[in-house]
Amino acid sequence: MSTQPVVGELDKIATDARRRIESAPDKETLEELRVELLGKKGVVTGALRGVGVLPADQRAAAGARANAVKTEIDQQLVARQRALEQNRLEGLADSEWVDVTFIPDGAATRGHLHPLTQAQREITAIFSRLGYQVALGPEVEDDYHNFQALNIPEGHPARDEWDSFYLTQGGWLLRTHTSPVQIRFMEAHPPPIRIIAPGPVYRHEATDAGHESQFHQVEGLLVDEDVRMSDLVGTIEYFSRSMFGADRRIRITGDHFPFTEPSIGAAVSCGICKGAGCSSCKGGWLEIMGAGMVHPQVLRNGGIDPERYSGFAFGMGLDRIAMLKYNIADIRRLRENDVRFLEQF
Ligand code: DAH
């Protein structure tokens, strides 16, 4: 036997292998080729074995050629493998993408803001147009800011109206209204002041269609030189018309709050009966807020000189405003998060 057939065979194997490796379409085909060529029963392995039976003087040359072919094929397999991987990565943007806007028919619908959030944003927008900024305060308050600084000393009968939840330590309580934000803001800012303070408040109260132990208020405070009751009434009127419609009228009545003097209550004419009186209003009117001129002592408690400055304040229940705006009969619906209810707004 001469070397020629073995060497010729190896050349043919090498040429054939190169062509097939270069055109292998995927990893699986490459792996099959590797087994077919270099595996235990592979052609190259077979040829290498054939070298062993050659005459001794030819073995070296044929062996060298066979090993070279093996190395060549090995390198080609690795190169092709890399090229295939590179192609796969480059094609990923086309082969693997997700349409995040895809909605399977009937499986999901677009949501919207909760009616309370909608109402709060609308109130904020209306007062922003009047130059008010939003101020926030803590929901866990101390007795001083929630009561004393607002002219409600310990033992004052008005505390019955604002029964609270107390923390077991440090005399802290869950704020019963947003009025303490008035004090906190005045303590930190000199006049002129124009703020609204929206947020959650808490009352130790039984729950019914009109009451919840947790609800939301929006407080307002304006302090400047020469502020009068007529400014307050004009502001309430502007707010009410912007919020409920231009055809609404407002009614101002006397009221009492320890932190305002004089104090008033504001009601808006009922949108359903137009003020004639119906089952959803009290004689044609719906109460929307308590308000008044800031008591001189409250200004003093906030570090402001009542001889120079005056101001007005108001506080409204956000839940109540949302109920009026959207004709919701039961406050508890606003807290249940029943989608069938919420999707109506
Ligand atoms: N804080 C009062 C309450 O929770 C509401 C209120 C009334 C706020 C009159 C005011 C105000 O600022 O002037 O019932």
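Let's begin with Glu122, which at 26% relative accessibility counts as partly exposed. By that I mean between the two other classes, buried being under 20% relative accessible area and exposed over 50%, with a 1.4 Å probe and protein chains only. Before I go on, please keep in mind that this is a predicted model, where local features need pLDDT of at least 70, side-chain atom pairs count only at pLDDT 80 or more, and totals for chains, interfaces and linings use all residues. Residues are numbered from 1 along each chain as its sequence is written, and side-chain values use heavy atoms, with hydrogens and water left out.

So, what does Glu122 pair with? Lys325 forms a salt bridge with Glu122, and the closest N and O atoms are 2.9 Å apart.

A salt bridge is a side-chain nitrogen of Lys or Arg within 4 Å of a carboxyl oxygen of Asp or Glu. Helices (H or I, at least four residues) and strands (E, at least two) are DSSP runs, numbered from the N terminus.

Let's stay with helix α10 for another pair. Asp319 and Arg335 meet through their side chains in a salt bridge, at 2.2 Å from N to O. Asp319 lies in helix α10 and Arg335 in helix α11 (residues 333-336), so this pair ties together parts that are 16 residues apart in sequence. Is Asp319 buried or exposed? At 1% relative accessibility, Asp319 counts as buried, while Arg335 is partly exposed at 25%.

Now look towards the start of the chain. Here the side chains of Glu36 and Arg20 form a salt bridge, 2.7 Å from N to O. Glu36 sits in helix α2 (residues 27-38) and Arg20 in helix α1 (residues 3-22), so parts 16 residues apart in sequence are tied together. Glu36 is partly exposed at 37% relative accessibility, and Arg20 is partly exposed at 27%.

How many salt bridges does the structure hold? The count is 19. Some join up: Asp11, Arg18, Arg65 and Glu72 are linked in a network.

Leu167, in the loop between α6 (143-146) and β3 (173-174), is partly exposed at 36% relative accessibility.
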